[in-house]
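Start with the view below.

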Amino acid sequence: TCSIECASFSDDPTMYYIVGTAIAIPQESEPKDGRLLIFEVIDRKLILKAQKDIKGAPYQIKSFNGKLLAGINSKIELFRLSDSDAGHMELVSECCHRGHILVLYLQTRGDFIVAGDLMRSISLLTYKQVDGQIEEIARDFNANWMTAVDILDDDTFLGAEGYFNLFTVRKNTDATSDEERARLEVVGEYHLGDMVNRFQRGSLVLRSSDTPTTDTIIFGTVNGMIGVLAVLSKEEYDFLLKVQTALNSVIKGVGGLRHEDWRSFENERTQGSRPPKGFIDGDLIESFLDLRREKMEEVCKEIGDVTVEELSRRIEELQR
């Protein structure tokens, strides 16, 4: 089994469980044959309703606008559910997009599709319903070995790669040339120190209805770590960046290791490490609450125009 999804289709509100499988042969570098199986739960039993033979392994399947989107080896293929001449349900291929190495991860929003490739980083595509085609809008031309992807908003996308880094890319909506618009701009880089294999929108705490909500994404890693990414406003980011800089100045790292060096982005293609950007280290920010009073005052003096009590209150609000 390569993937699983719970979804309904256009004109059919029934919830189905779709399972993607592949036949793995040791002599083959990648599976050449696979299947998409559609199950329905009837009287607490899984009943096979339809199956589709495919050429490759469906590494990722996603419900998409009443249809089924699948990353099958080097292509992204869209299927619809219809009735066959014999009166049975069947999956019919509607369109596909080629030109990838291995499509391992898919995320969707509206008609937009974000694909995470084995080694070609992130691609942004759109499904044109009138033409019945999937077209690429832009891509990140860096050679990142992807381990997870997600969508932050209509223009910004999140990725995790195999060298324990997180990064964000953004559409060049204000670009003046087609070449610039076809390139996703890297706006954030951060060394996490562990390999992320899953992003999921949600929260680790129960929120009351009267609490201001911040958009958060939970992530899990191969070593069992669970963390949270929160989307900050420009004002919040600028303020916390000052706090982070002040903490780096006041708190000395163990063995002389600078915190900024640890969080610097580095992989096989970079010429040395690059300073982190576009991310705030929440663990470092929260460490302010554990400092002695004189150290707290020293941090606030570095920031300027903020008291220990006010900064403590703002950090405690972020924790919630």
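A salt bridge is counted when a side-chain nitrogen of Lys or Arg lies within 4 Å of a carboxyl oxygen of Asp or Glu. The model is predicted.

**Salt bridges.** The search of the whole structure finds 20 salt bridges. Arg 139 and Glu 136 form one of them, at 2.9 Å from N to O.

| Pair | N to O distance |
|---|---|
| Arg 139 and Glu 136 | 2.9 Å |
| Arg 258 and Asp 261 | 3.0 Å |
| Lys 49 and Glu 40 | 3.8 Å |

How exposed are the partners? Arg 139 is buried at 10% relative accessibility, while Glu 136 is partly exposed at 33%. Glu 40 is buried at 17%, and Lys 49 is partly exposed at 34%. Arg 258 is partly exposed at 47%. Asp 261 is partly exposed at 39%. Elsewhere, Lys 67, Arg 80 and Glu 94 are linked in a network of salt bridges.

**Cysteines.** The structure holds 0 disulfides. For Cys 96, the nearest cysteine sulfur belongs to Cys 95 and is 7.2 Å away. A disulfide needs the two sulfur atoms within 2.5 Å, so Cys 96 is in no disulfide. Cys 96 is partly exposed, at 30% relative accessibility. Cys 300 is buried, at 7%.

**The sheet.** Four strands form an open sheet in the order S13-S14-S15-S16, with antiparallel pairing. S13 (146-151) and S16 (185-191) are the edge strands, each pairing on one side only. Neighbouring strands of this sheet are turned by 20 degrees against each other on average, direction ignored. S13 pairs with S14 (residues 156-161) over 5 bridges, in the antiparallel sense. Ala 148 stands opposite Ala 160 in S14.

How values were computed
Residues numbered from 1 in each chain as written. Predicted model: local features only at pLDDT ≥ 70, side-chain atom pairs only at ≥ 80, totals over all residues. Heavy atoms only, no water. Buried < 20%, exposed > 50% of the residue type's maximum accessible area, 1.4 Å probe, protein only. Pairing = 2+ DSSP bridges. Helix = DSSP H or I, 4+ residues; strand = E, 2+ residues; numbered from the N terminus. Axes fitted to C-alpha atoms, helices over the stretch in contact; angles between N-to-C directions.
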